[in-house]
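This report describes a predicted model.

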Amino acid sequence: QQNLIILQKKLLWAIMIFAIILLSLSVGLILSFKKINSKNEKIETLMRELHHRVKNNLQIISSLLSLQSIKLENSEAKKAVNEGKQRIRAMSLIHQKLYQNDDVISLQIGQYITNLVDELSQSYGYKNKVDIQINIPNISLDADTSLPIGLIVNELVSNAFKYAYDDNKQPILKLDLIKDSQV
């Protein structure tokens with residue numbers, strides 16, 4: 001019976017030591033999690049600030065181009081400056097979406113392209129004159145992927161508005177984005 005009591009005491013001590021170690025590890029993990037969470041919040045704040053500044057800088061460039069285009073007399077030069085402003089607007093829209101989004105490193109591509117096409121249709125005077133059909137899943141893409149897609153869509157839609165719809169009585173603009181599963 002004496003041996004059984006000694007064995008129970010050893011087992012009790014082992015359980016207590018194990019509980020103390022487990023508690024220490026839990027406290028350490030919680031503190032590490034809080035520290036990492038704090039760093040993530042700082043990084044997120046910095047990313048928001050970065051996107052905000054880039055958007056503002058692009059807006060300044062667009063404003064400078066607008067001021068410069070006022071002085072231009074050549075219609076081709078004005079046209080080129082306005083196309084440059086549209087490209088800048090496409091890039092600025094991405095940074096605006098990233099700045100306003102909860103996730104500062106990716107954006108919903110469907111929503112972004114819908115907004116971009118809407119702005120382009122308005123700027124080219126086709127707001128309610130073209131049947132716009134957008135079939136793009138609202139998947140999340142990072143800025144490095146979204147920016148080239150936005151610039152490509154900007155070029156395609158701008159060219160459609162400039163060259164494809166003048167003689168068409170019922171113009172349709174259809175955009176589809178298909179995710180290739182083999183990539």
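## Overall fold

Starting at the N terminus, the chain's elements follow the order α-α-β-α-β-β-α-β. That amounts to four helices and four strands. The radius of gyration is 29 Å, well over the 16 Å given by the globule rule for 183 residues, so the chain is more spread out than a compact globule.

The C-alpha trace spans about 105 × 35 × 25 Å along its principal axes. Of the 183 residues in the chain, 25% are buried. When contacts between residues at least 6 apart in sequence are considered, 73% of them join residues at least 24 apart.

## Packing of α3 and α4

Helix α3 covers residues 109–123 and helix α4 covers residues 143–164; the two pack at an angle of about 30°, and their axes lie 10 Å apart. Because angles under 35 degrees count as roughly parallel, α3 is roughly parallel to α4. Their crossing is right-handed.

On the α3 side, the contact is made by Ile109, Tyr112, Ile113, Leu116, Val117, Leu120 and Ser121. On the α4 side, the residues are Ser146, Ile149, Gly150, Val153, Asn154, Val157, Ser158 and Phe161. By type, the residues of this contact comprise 10 nonpolar, five polar and no charged.

## Lys79

Lys79 lies in helix α2, which spans residues 75–100. Its relative accessibility is 36%, so Lys79 counts as partly exposed. Leaving aside residues up to four places away in sequence, Lys79 touches Lys162 and Tyr163.

Met91 is 12 residues from Lys79 along the chain, and the C-alpha atoms of the two are separated by 19 Å.

Note on methods:
Residues are numbered from 1 along each chain as its sequence is written. This is a predicted model: local features need pLDDT of at least 70, side-chain atom pairs count only at pLDDT 80 or more; totals for chains, interfaces and linings use all residues. Side-chain values use heavy atoms; hydrogens and water are left out. Axes are lines fitted to C-alpha atoms, for helices over the stretch in contact, and angles run from 0 to 180 degrees between N-to-C directions. Angles under 35 degrees count as roughly parallel, over 145 as roughly antiparallel, 65 to 115 as roughly perpendicular and the rest as oblique. A crossing is left-handed if the near helix is turned anticlockwise from the far one by less than a right angle, and right-handed if clockwise. Contact means heavy atoms within 4.5 Å. Ala, Val, Leu, Ile, Met, Phe, Trp, Tyr, Cys and Pro count as nonpolar, Asp, Glu, Lys and Arg as charged, and the others, Gly among them, as polar. Buried means under 20% relative accessible area, exposed over 50%, partly exposed in between (1.4 Å probe, protein chains only). The radius of gyration is taken over C-alpha atoms; the globule rule is 2.2 Å times the number of residues to the power 0.38.
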